[in-house]
Amino acid sequence: MRAELLQEQRLKLALTKELTQAIELLQYSALELRSILYEQSLENPFLEIKEGKSLRPLKRTIAKQERNWLENISKPSDTLAAHLAAQLHTVSLPSRTRKVLDYLIASLDEDGYLRIEMSDTAAFLAISEAELEEAVQLLQSLEPAGVGARSLQECLLLQLQRLPVRNELAEKVIAEHFLAFAEKAWKALAKQLGIDVADLQQIWDFIRTLEPRPGSHYTAADPHFIVPDVIVERQGEDVSIWLNNEFLPEVRWNYAYEKKMENHCDEQAKIFIKEKYRQFTWLAKSLEQRKQTLLAVAKEVMERQKQCLTEGLAALKPLTMREVAEVLDVHESTVSRAVKNKYVQMPFGTVELRHFFTSSLSSVNDEEASAAKTKALIMQLIEGENKHHPLSDQAIADLLGDTHGIAISRRTVAKYREQLHIPSSAKRRRY
C-alpha cells in the first residue's frame, strides 16, 4: 500500500450569500419584506427607498367632509392593572395589604386569572396563607366580576355570586358538580340532584352568557393587520390578478450620492461603493424574481381554483404544490416558500394562499372531493341537524357518502370535526 495524491473534478451546488438572500426574500410576507428593505437601506447608504404606489386608481376617494369623526377616536388605553388599581384608590387599606394586592394584580395573566402557587407566594411575601387568601378575596371583589379567579370554575362561580338575583341551583352545579356538568353527563347528574335534564339545559344556556375571560377586554396588545400580497378581482367572466405593490416600497440606487462620493474619496472607498452596488443589483434582481414567482404561482392557483371565485372556499378542488411546481417548471420547495405567510384578497374576503392547497378524498363520482370541501359539508350538516338528536360521526360519514358521493370513514369525520372546533354529538345535544 502507498499514499497517493489524486485530483478529482466534481460539480456541487453551493449556497452563496446572495442565493440565500433570494430564497429568504421569496418566503417573506409583504410586512416582513418591507421591514427587511428598510434594514437594508440602513446598511447601504446608496440604497433609496421609495414608497410604492397602487397600479390601479382607487374607485372612490373619500372627501374630508365625508369622514366619520368617530374614526379619529383612539382606542381606550386603560389596562386591567390600571383599572383595578383605580378601584383600590377609593378604599382605605393598610400599606402591607396594598403591597400584597399590588403584587397579585401584577401576577394576573391577560385573561384576568391569578395562576400562582399560594404557598410559594405566601413564603415570598413573608405572610401567612390565610392573610394571602384574604387579599385574594379582596381582589376578587373588584370589577370586572370573575377577576382574580384561579380556575374557570371559580371564575364562573364568582360571577354567579355577584348576580342581583342569585341562582342557587346554578351555583350548586358549578361549585359541586362542575366536571360532570361540563362533560354533559347530565342524566346521572339530574338523577343525583333530583331535577329534570331540561333544568340543566337552562343552566347551561345561562352559563354561556357569562364571561370566561374577564380580563380579555382590557388586553393592551396592538391589533395584528394582514396585508394581502395578491389581489384578485372578478368582473363578469374576466378575472384580474396582480401583486399588491402599493404597500411594498421600491428600491433605487442613489446615483447623485455615488457621484459625489467618487469625487472626494480614495481607492478604498471606491471598493466599498462597488461592493454596495453589487449588493443592490442582487437585491433588485431577487425582488423582481420574487414578484414573478409569486405572481406565476398565484395565477396558476387561481386557474385551478376558478370555481372559488363564485362559490367560495366550499368549492375548493384537490390541489398539491407538486402539481403547481410541475406546471411552472420549478421545485416544490419554491412553491412552498412562495405561498408561505402570503394572503390573497378574494372577492369574498382575504384568504391565506396556502389554504388553496388541499388534499383529495376518494369519491364514487368521477370528480375528486377536496378536504376543504368535505369540512364545509360537515359544517353544513351539523348546522342543519336536529339539536335534540344530533348527528353522530358515523351518521355524517353515511350522509356524505349517500348524498355527495364522498367515501369517508368515521375517524376522518371526527378528525375534521375536531379541526373545526366542533364538539361531539353528545356535547351538542340539547334537552
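## Strand pairing and nonpolar cores

Strands E2 and E5 run parallel and are joined by two bridges. Across this pair, valine 230 has valine 344 in E5 as its bridge partner. The model described here is predicted.

Strand E2 also pairs with E3; these two run antiparallel and are joined by six bridges. E2 and E3 make a hairpin with two residues between them, and glycine 236 in the turn has a positive phi of about 70°.

| Strand pair | Direction | Bridges |
|---|---|---|
| E2 and E3 | antiparallel | six bridges |
| E2 and E5 | parallel | two bridges |

The largest nonpolar core holds 27 residues, and those touching the most other members are Val230, Val232, Val301, Val335, Met346, Phe356 and Phe357. Elements that each supply at least two residues of this core include strands E2 (230-235), E3 (238-243) and E5 (343-346), together with helix H13 (267-304). H13 gives the largest share, five residues. Another core, of 18 residues, lies apart from it, with Leu104, Leu114, Leu132 and Ala135 among them.

Beyond its neighbours within four places in sequence, valine 230 is in contact with Ile241, Trp242, Leu243, Leu294, Ala298, Tyr343, Val344 and Gln345.

For the chain as a whole, the secondary structure comprises 20 helices and eight strands. Of its 431 residues, 35% are buried. Among contacts with a separation of 6 or more, 61% are between residues 24 or more positions apart. The accessible surface is about 27,400 Å², and carbon and sulfur atoms account for 51% of it.

Key. Residues are numbered from 1 along each chain as its sequence is written. This is a predicted model: local features need pLDDT of at least 70, side-chain atom pairs count only at pLDDT 80 or more; totals for chains, interfaces and linings use all residues. Side-chain values use heavy atoms; hydrogens and water are left out. Helices (H or I, at least four residues) and strands (E, at least two) are DSSP runs, numbered from the N terminus. Buried means under 20% relative accessible area, exposed over 50%, partly exposed in between (1.4 Å probe, protein chains only). Contact means heavy atoms within 4.5 Å. Accessible areas come from the Shrake-Rupley method with a 1.4 Å probe; for residues, only the protein chains shown count as cover. A nonpolar core is a set of buried Ala, Val, Leu, Ile, Met, Phe, Trp, Tyr and Cys residues joined through side-chain atoms within 4.5 Å. Two strands pair if DSSP finds at least two bridges between them.
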